Structures are given as structure tokens and as C-alpha cells.
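Hi,

Here is the structure I said I'd pass on.

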Amino acid sequence: MAEKFQPSEHQHLRYNPLRDDWVLVSAHRMRRPWQGQVEKPPQEDIPRCDPGNPLCPGAKRANGQVNPHYESTFVFDNDFPALQPDAPEPDAGDHPLFRAASARGVCKVMCFHPWSDMTLPLMSLAEIRSVIDKWSEIAVELGASYSWVQIFENKGAMMGCSNPHPHCQVWASNFLPNEASLEDRTQQKHLCERGTPMLLEYAQLEAERKERIVVENSDWVVVVPYWAVWPFQTLLLPRRRHVRRFQDLQDGERDSLASIMKRLLTKYDNLFQISFPYSMGWHGAPTGPYLDADCSHWQLHAHYYPPLLRSATVRKFMVGYEMLAQAQRDLTPEQAAERLRNLPEEHYQLKRRETS
């Protein structure tokens, strides 16, 4: 008699419809011993206000400008931008293998809070709501002229964050980046074939099946996606309504977004009882010249990509097979979702304070 397939025991491929590619799932590899690199745990004794930190209120930045004594969010032009609005036009190239194109834009930095020892899961719902409103404001402002506005946060030194201060970046460009172009194509194809936006249909299916849900409320659902690559990767989705862009969110949806973000990020921190590192970002319908186009295939969503796998000091590396063949993961999305789902929603730091 043939052995029955079990996702948690037998390797298999899963299709990612957003990227039109596949991921190899090999959950049995979690049993192998680890003798590889061990990361340094994140710093926990961060000073609340360090005059030497260029993101703090009143601090002087590299360009000589002094930050105001802000008390909520604070946005400024990146002192070392990857995109500038007045870059000259490159030569088109004299051969199809040597092509270049225009790249113009602006890069901004947004501080979430004046305190360096604060992170989103430790902030109040009102403070997180202020972050959400500022995201929307920037998306409208930059989206008036630029094709793509990428809001993203790199949290933790492990993810390349150079300043221990709660902040994100916003890069706006006159072109659609690779991931945006890919998601535009796949969502458009899905709508043409099935008559409903891909991620609206997906959110409804996950809400019914429950096995990959981490947290949910009346407006939002967070899942470890069926096709996840990173161990504890999550996808944050509107669960009931078709929402193309961040600025289309209603007042109540912004409140419930603040709540579900706090719940998710608290669970992340509680997983290994550290300030959990990740890269995250929002994807929505293109802007600028696309504002008047039919973008009904788009559904707003946020990706969270945390690198940690086994503990606070063991991370997932994308090397070898992943770089040369295809993505591979050692933990099924269902196992990851169950671990996150079962974690408490009271932050471990707050619990420590209560018991000390």
C-alpha cells in the first residue's frame, strides 16, 4: 500500500499565484541539527533619546539639518536617496542586451514615534493609527505624480536597519518596480479568468479554511500564505471589501488595521521573546498615470518577511538552491501559522514589568 502524503512529512511544491512561481516545501528538514551561523540577539537596552541618533527629536542629521522636537510622526527627505527627481536621461543603449531606462523619484524617511526604545507593537492604538494616517497622506501626495509609492519598514539590524529608532521609508518612482509589475500582471490575469480580484477571493477562502490564519477581525485577516517562502512570513489582507489603494481605507478600517497590526507584531515579538526583525511593505494599485486607469484587479495588501527560523539567533538564509534554482522552506505554512496563532497577545515586555 502506497504511503499517504502528509505535508508536514513529505516534500512538495506549492504555487504562488502572485509571483507566478513555485516554492519547495521540505518540512522534514527541521529535524536536522544546526551548526551554522548564530546571530547576535537584538539589542534591548536602547536609550529612549540619544542625541547621536539622527532620527531622534532635536538631533542633527548628516546633512547638518536639525530635527524638530516632534511628538508624533515625523517625515523628512532621505539624506542619502536612491532616487532623485532630476536625474538625467540615460542613453537607451545600442543593443538589446545593454538597455537602460529613466529612473526618477523621491525617497522619504518616516519616524513612527519620538522614542528610540519604542516599536509598533509597544505603541498605543492611537499612535499606530497616526502612523496609518500618515502613510495614507504620503501615498496621496507622492502618488499624484509618481507611478509607484513603496512604503516599507526594515526592522532590526539583521534586516539592515542602521538606526535603532521606530521608522520606515517611502520610495516613489516614475516606473513600476519588478515586484509591482509582476503582481500587476498576475492579478490582472486572475481577474480576467475568474471574474474576481485574486486576493479578495484568497482572503475569503483562507477565512473559511482557518488553517493558516494568525489573527483576524471584522475588516482584516493575517495569514501565513499557502505559498510562503520565509519561515514566519505573513500576508495582511482586507477580508471583506475590495480596496485598491491605501488611501481608499475607511475610518473604521484604519482603526481595525491599527488593532490587527498591534496583535500580529506582538505575536511576532512573543515568538522568541525579542524585538522581532522583519522587512514589510504595502502593495496597492499603481498611481500617477495609472490613477485614471482600470485597476480593478488590484487588492491592497501588506507583506511581512521575517528571517528567523528556529530561534532568536538562527535565521533562514536564501543561498545555494534558493539563488540558483527556486525558493525552499523547512516549515509548512500551516505549522508556522499554528505557532503564531497560539501565542499570547500580551507583549512579553509588558508581562515582565507586571511580574517584576
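Helices (H or I, at least four residues) and strands (E, at least two) are DSSP runs, numbered from the N terminus. Keep in mind that this is a predicted model, in which local features need pLDDT of at least 70 and side-chain atom pairs count only at pLDDT 80 or more, while totals for chains, interfaces and linings use all residues. Residues are numbered from 1 along each chain as its sequence is written, and side-chain values use heavy atoms, with hydrogens and water left out.

Let's start with the nine-stranded sheet. It is open, its pairing is antiparallel, and the order of its 9 strands is β3-β4-β6-β5-β10-β11-β9-β8-β7. At the edges you'll find β3 (74–77) and β7 (213–216), each of which pairs on one side only. From one strand to the next, the twist averages 20 degrees. For this and the other angles below, axes are lines fitted to C-alpha atoms (for helices, over the stretch in contact), and angles run from 0 to 180 degrees between N-to-C directions.

Within that sheet, β10 and β11 are joined by 5 bridges in the antiparallel sense, and W282 stands opposite A302 in β11. Helix α6 (residues 333–341) packs on the sheet, where it touches β7 and β9, and its direction makes about 40 degrees with that of β7. Contact here and below means heavy atoms within 4.5 Å.

On one side, strand β8 (residues 220–223) pairs with β9 in the antiparallel sense over 4 bridges, and V222 stands opposite L236 in β9. β9 is also antiparallel to strand β11 (residues 301–305), with 3 bridges between them. There, L236 has A302 as its bridge partner in β11.

Is β9 buried or exposed? For the cut-offs, buried means under 20% relative accessible area, exposed means over 50%, and partly exposed is in between (1.4 Å probe, protein chains only). In β9 (residues 234–238), 5 of the 5 residues are buried, so the strand is largely enclosed by the rest of the structure. T234, L236 and P238 point one way from β9, L235 and L237 point the other way, and all are buried.

One more stop in this sheet: Q169, which has its place in strand β6 (residues 167–173). Its side chain makes a polar contact of 3.3 Å with that of N78. (A polar contact is a pair of N or O atoms within 3.5 Å; within protein, one must be able to donate a hydrogen and the other to accept it, and residues adjacent in sequence count only if both atoms are side-chain atoms.) If you leave aside neighbours within four places in sequence, Q169 is in contact with N78, K108, Q150, I151 and F152.

There is also an open sheet of 3 strands, in the order β1-β2-β14, with mixed pairing. β1 and β14 (327–329) are at its edges with a single partner strand each, so one side of each is left without a neighbour in the sheet. Here the twist averages 30 degrees from one strand to the next. β2 and β14 pair in the parallel sense over 3 bridges, and V25 stands opposite R329 in β14.

Now for a pair of helices. How do α2 and α3 pack? Helix α2 (residues 178–194) and helix α3 (residues 198–209) make an angle of about 75 degrees, and their axes are 8 Å apart. Roughly perpendicular covers 65 to 115 degrees, and α2 and α3 are therefore roughly perpendicular to each other. T186, Q187, H190 and R194 of α2 make the contact with M198, L199 and E201 of α3.

Finally, a few loop residues. Most residues other than glycine have a negative phi. D20, however, has a positive phi, near 55 degrees. It is found in the loop between β1 (12–16) and β2 (21–25), and D20 is partly exposed at 40% relative accessible area. Q273 also has a positive phi, near 55 degrees, and lies in the loop between α4 (251–272) and β10 (278–283). With 41% relative accessibility, Q273 counts as partly exposed. D292, in the loop between β10 and β11, is exposed, with a relative accessible area of 80%.

Cheers

Conventions. Parallel < 35°, antiparallel > 145°, perpendicular 65-115°, else oblique. Pairing = 2+ DSSP bridges.
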